[in-house]
Amino acid sequence: MPNFRSFVRPLVCLTAATWLLAFTVEDNECPFATKKAHAANAQKKQSSDQKQAAGPFVAPPLAELDAKAEWIDQPVKDTLQLMREKQAGEKPLASLKQALALKNKSKQDNERIASALGRVATDDSEVDYEATINRHMLRDVKSTNPIMGSSVEEFDVGGLTGAGLFAFDWDMNRMASSDTVVSWQTSRDRMYDKVVMRDDLTWSDGQPITAHDVEFSYHTIMNDKVPVPAVRSGVDKLLGVHAYDDRTLVFFHKEALATNIWNVDLPIIPRHIYEKSLNDDFTLQNSPYHVKYESNPVCGGAYTISKRVRRQEIVLTRRESWYMHNGKQVRDKPYFKEIRFRVIEDPNIALLAVKNGEIDEMLLTAEQWVTQTNDDDFYRLNTKASGLEWTYFFFSWNLHTPFFSDVRVRKAMSYAFDYKEMLDKLFYGLYEQSNGMFHRGSWMAPKKQPPLYKQDLDKAEQLLDDAGWEDHDGDGIRDKKIGKNLVKFEFSIICPTVPERVKLCTLLKENLAQIGVICNVRQLEPTVLQDMMLNHKFEAAFGGWGTGADPDTSDNIWATGEGRNFGFYSNPKVDELYKQGRLEFDRKKRGEIYGKIHSLIFEDQPYTFLYFRNSFYAFSKKLRGYNFSPRGPFHYGPGFSSIYKAKN
Amino acid sequence: MFNYVVRRLVIAALTLLFITFLIFALIRNMPGTPLTVAVSEMDPSRRLDPADLERISKTYGLDKPWPQAYVIWLGNTLRGDLGQSFSRKQPVTWIIGERIGPTLLLSLTSIVLAYVLAIPMGLYATARSGKLDERTTSLVLYMLYSLPTFVGGLFLLLLFYQELDWLPLRGMTSDEYDSLSSWGKFCDIAWHAVLPITCFTYTSLAYDARFIRANMAEVIRQDYIRTARAKGVGPFRVLTVHAFRNTLIPLVTQLGLTLPFLLSGSVILEQLFTWPGMGNLFFESIRERDYPTIMGLALLFSVLTLAGQLLADVLYAVVDPRVSYS
């Protein structure tokens, strides 16, 4: 036997020490805390938390509010009806039969397919109400509790199982949803929003959905003890929410801002389920009681979760009590009896599943669109359509590095890049180049569009020379004297291990090599990449941003010191304009402000703006009613709710 | 023997402590936290302020220095609580428990299948050494061994799912599984398991058959085999009783070492077939920096590895009378 004594002794000491520590550390300090510890801890602090959750805000009596508010009516609409009205004035570019026989090979084909198959149902007889739709899901949802959601997938499921008071259409116009709201009014000074909810709303367990549920949800989201990951953003700008009775609800604002109409949107959870249990387990996920409701949540929306096999699928079933109330139909019957989200992480497998009809829709990559979806095998059961998305991609420069603090260097980078090669070769001519964060077709883009960058190596070299980056030591690489040191122009660009993105960064590397700059491409695991960005530990990075429903959501990318401003961009004029944008209520004037921001940022080139991505989708030939918004075919109103399976 | 086992168990416990400490240190010092992942997957219209991140970190105890967090984890583990997964919002023991069945279904079946097929194949290859049929089988086995499972799996899917439509694409059960009878459920799972099991089996089959053949080739040249033949023992009996029994020792070692494999699953195959197994879970939890789940799995695999080694050592004594630990 080998002699283990030499390493056994230190291990024994370590064990003794850990045992000692393990039983002296207090329960409430547990990182992966036990349920018992939670309960004990919760009880101890219960009273103080209740005070904290309620906050110092006290709502004035409603009569007092009504007297001074001078309420202005706001739109309460059904987005599906709006889409119907919009389409009534448009003539389809092809018949259904023609569209289904077409292969999507050109822009015209795409327009004809999208126009014919995008028609929403005008008559119930067109719809197969017994149909199931199998949707592709790239990642599983982590939580079914709507206030715990943070990913796109969670909001997809949450949007179908949750009752929402507000919506926005394809132009990002804000409105209250007529499915849940009777009236929405804003005070003249824009400090209050009053909502009267419908009285025919029930939870899936039969209890009524009331204004008190909304108030409770607000307090839960704002409770510091509850680890709400994402939905707090916006909601935290509210001063308070108060339910005056079962139906009347007032949102109180801290300031009169144009963004207030977005801040009132909060997911609703049932008060009767969580009110008592919250204090036993603030995580809403640890106690057996909460684990039970995580698996089988009480839902307020059109669908309930009927089956969930983690990492495989989540099945939603249409809820009769959503559209029927006391024996009468009170809302539109949702088109699908069942929605089956199938989790398939591998895009190749997902495409196989589409081809065999196991899933009815999927987001395709540019490569799949061009090379793998043209054969009869694909068109047997499916067709495809694409639309422009306001999602842009860029190289981000860290302004706190000796290289990119100078705007001339950043411009030189933008002049050095070969956009033509990127658009034609890497993206098969499918994408359009971007000249800033807002798409030229959007209401917030500047009227006078900044010109697109084109590769101009002479200009790039001139700019680098002007900035002092020249080849002083004759080794072929540019350098500059910073302090006492001669610093070589050599930096790393970080990007995820996605082939398409690596190719883009490699193209930059090749372009820069031509002007005496060394760029190393570092491929990183997504989490490491994100960590480096969050901690500003990078010189350059490849990235992309989707669009929020309001342009103000971009302020935390550009305003000084904000959360997503990874590259330390700072321009006092931009900061000021974001503030102005929030204070302006006229959309046209707001648009001008954001246009100015767009142009200022483009002039500063903290990013080299690359391209806008299209959304490419494969759809089953049985599906109808899909339309593309700047946020894709699902994430707007009516979005998914206009999609149906045709009867024949 | 008893003393030996006890001594080994004590060493195993200390090794375990060391392993978990090391893994804990490693994962907590990897860049990124569970919250970094939440930020990267976030809907573009939402945002997470640094203050929010700090608040959530505190709730999950991520603000503590890792040595302290390790001690707390150890304390809880000794009390039988592996904690709660960050990303799946379920207790770690549940999550692992859920995956054990599907993982064993694949690994156990494929190990048994591989051995059941590999032993006769290895023996056959020994008996027919150098002949055309043996060369052909060896060549096929070599080719199988060098064909990566994800490529093999994809080919099988293209053939049996897309072309022939005989076997399902993914998952462990059909949509209508819940409404099936017990026999129907069994058949449904078996139908789904055919391709994953095939992929799991073919590489180890190739490896095991080659392994047996190589060991046999050595034994068959020994004097006592010649003696047996000279005594007039039939070729079949020489092969199975005289020769094969003596190649059992390396085989037992190998069997012992497959114990952790029983539960570790396969990242690539499980991903390919969307099979809810342990390999996929381990991979995902590392990607998600789901510390409690990673630790739970690391603990499980460490225990199995140590147990496998101990088992192999004990089995030596059983198969080889010359080995004794007393």
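Q: In which loop of chain A does A:Arg190 lie?
A: A:Arg190 sits in the loop between β6 (181-186) and β7 (192-197) of chain A; strands here are DSSP runs of E with at least two residues, and helices are runs of H or I with at least four, numbered from the N terminus. A quick word on the source: this is a predicted model, where local features need pLDDT of at least 70. Residues are numbered from 1 along each chain as its sequence is written.

Q: Why is A:Arg190 called partly exposed?
A: A residue is buried with 20 or more other C-beta atoms within 10 Å of its own, exposed with 12 or fewer, and partly exposed in between, C-beta atoms being placed from the backbone. A:Arg190 has 17 C-beta neighbours inside 10 Å, so it counts as partly exposed.

Q: What makes A:Leu284 buried?
A: For A:Leu284, 24 other C-beta atoms lie within 10 Å, so this residue is buried. A:Leu284 belongs to the loop between α11 (271-274) and α12 (288-295) of chain A.

Q: Why are α17(A) and α19(A) called roughly antiparallel?
A: Helix α17 (residues 407-416) and helix α19 (residues 457-466) of chain A pack at an angle of about 165°, their axes 8 Å apart. Axes are lines fitted to C-alpha atoms over the stretch in contact, and angles run from 0 to 180 degrees between N-to-C directions. Angles under 35 degrees count as roughly parallel, over 145 as roughly antiparallel, 65 to 115 as roughly perpendicular and the rest as oblique. α17(A) and α19(A) are therefore roughly antiparallel.

Conventions:
Chains lettered and ligands numbered in written order. Predicted model: local features only at pLDDT ≥ 70, side-chain atom pairs only at ≥ 80, totals over all residues.
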